[in-house]
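Hi,

Here is the structure I promised to pass on to you. Have a look at it first, then read my notes below.

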2 protein chains.
Amino acid sequence: MDKQNLDTNVICQIGIVVRDIERTAKAYADIFGMDIPKIRITDTEEITNIKFRGASTQARAKLAFFQMGSMSLELIEPVGESSTWKEFLDEHGEGVHHIAFQIKGMEQILAILDKKGISTIQQGDYTGGRYAYVDSAPSLGVILELLENYSS
Amino acid sequence: MDKQNLDTNVICQIGIVVRDIERTAKAYADIFGMDIPKIRITDTEEITNIKFRGASTQARAKLAFFQMGSMSLELIEPVGESSTWKEFLDEHGEGVHHIAFQIKGMEQILAILDKKGISTIQQGDYTGGRYAYVDSAPSLGVILELLENYSS
């Protein structure tokens, strides 16, 4: 049967945009009694094929992940050029940027969302998969991130 | 052993503040293929004992809950007087207001957070338990809600 919607409602991640990831990661570790995770930076555009509003960009981000129950909490510090992360920080300040879902069939789901008036904001690759952020904030109050891991 | 932190890191709820809960609930139902949940309004101050920044308020909210994986997604439309929900909407627009945790020992945990510089913004009762929102946005990028259900 053809998909009519996301085909999942399991939130696997919350992404929070911050100005100083080292400072914020330390605060989470303190308040929740967890270890400070390793902070890494996203790969360059040559590797991630990042597109922001349809155009290539050199934008990157520093990332840190905390496992919290069945989901991960991702801290994101925008680095460099324009991205959905930098745009959110400039417009709203620090805050929850997205909730994420593991999906299958990226093109099909992006097309379904596009028909519902929800366009793609940013997309790219990561080791083992690809992601897309969609412009769902006007209808859902938050950006959705779709994550598709490649089968091994 | 005395608690030094929240004693849990299991996110049980994400709360999103919206302007029109009926419209947003319909959009979630459509995009995730779920039923539209019943929308209810919080009880009056006489029942909830709601305090916002230490003072009584007549503030209420319309609420709707979607079960999404192991957690609930709460939509919140502020009604009436000042509250953390209305303040967030006025300052940031629609967006993720809080992430919530089930805790035990509300006073002790609020005191621990207060020592870490995180004060209580709003608190009150609901049927079967009580809640508190704390001013963690400056350090964590998001408000935390603590939920304590009474033992039956």
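What follows is a short tour of what turned up.

First, the ground rules. This is a predicted model, where local features need pLDDT of at least 70, side-chain atom pairs count only at pLDDT 80 or more, and totals for chains, interfaces and linings use all residues. Residues are numbered from 1 along each chain as its sequence is written, chains are lettered from A and ligands numbered from 1 in the order in which they are written, and side-chain values use heavy atoms, with hydrogens and water left out.

**The pocket**

The largest pocket holds about 660 Å³ of space. The search used a 1 Å grid over the protein atoms alone: a pocket is an open set of points where a 1.4 Å probe fits, with protein on both sides within 12 Å along at least five of seven lines, and lining residues have an atom within 4 Å of a point. Points are joined across faces, edges and corners, and the volume is the space filled by probe spheres set on them.

Of the 35 lining residues, Phe88(A), His92(A), Phe88(B), His92(B) and Glu94(B) are the closest to the centre. Two or more residues come from each of helix H3 (84-92) and strand S7 (95-102) of chain A, and from helix H3 (84-92), strand S7 (95-102) and helix H5 (137-140) of chain B. These elements are DSSP runs numbered from the N terminus (helices: H or I, at least four residues; strands: E, at least two). The lining has 13 nonpolar, twelve polar and ten charged residues. Here Ala, Val, Leu, Ile, Met, Phe, Trp, Tyr, Cys and Pro count as nonpolar, Asp, Glu, Lys and Arg as charged, and the others, Gly among them, as polar.

**The core**

There are 66 residues in the largest nonpolar core, and Leu6(A), Phe32(A), Leu75(A), Leu6(B), Phe32(B) and Leu75(B) touch the most other members. Such a core is a set of buried Ala, Val, Leu, Ile, Met, Phe, Trp, Tyr and Cys residues joined through side-chain atoms within 4.5 Å. Buried means under 20% relative accessible area, exposed over 50%, and partly exposed in between (1.4 Å probe, protein chains only).

Leaving aside neighbours within four places in sequence, Leu75(B) is in contact (heavy atoms within 4.5 Å) with residues including Ile16(B), Tyr28(B) and Phe66(B).

Leu89(B) sits in helix H3 of chain B and is buried at 11%. Beyond its neighbours within four places in sequence, Leu89(B) contacts Val17(B), Val18(B), Arg19(B), Pro78(B) and Glu94(B).

**Before strand S1**

Asn5(B) lies in the segment before strand S1 (13-17) of chain B and is buried, at 16% relative accessibility. With neighbours within four places in sequence left out, its contacts include Asp30(A), Ile31(A), Phe32(A) and Gly33(A). Asn5(B) is 23 residues from Tyr28(B) in sequence and 34 Å from it in space, C-alpha to C-alpha.

Asp7(B) has a positive phi of about 70 degrees although it is not a glycine, and it counts as exposed at 56%. Over in chain A, Asp7(A) also has a positive phi of about 70 degrees and is exposed at 55%.

Cheers
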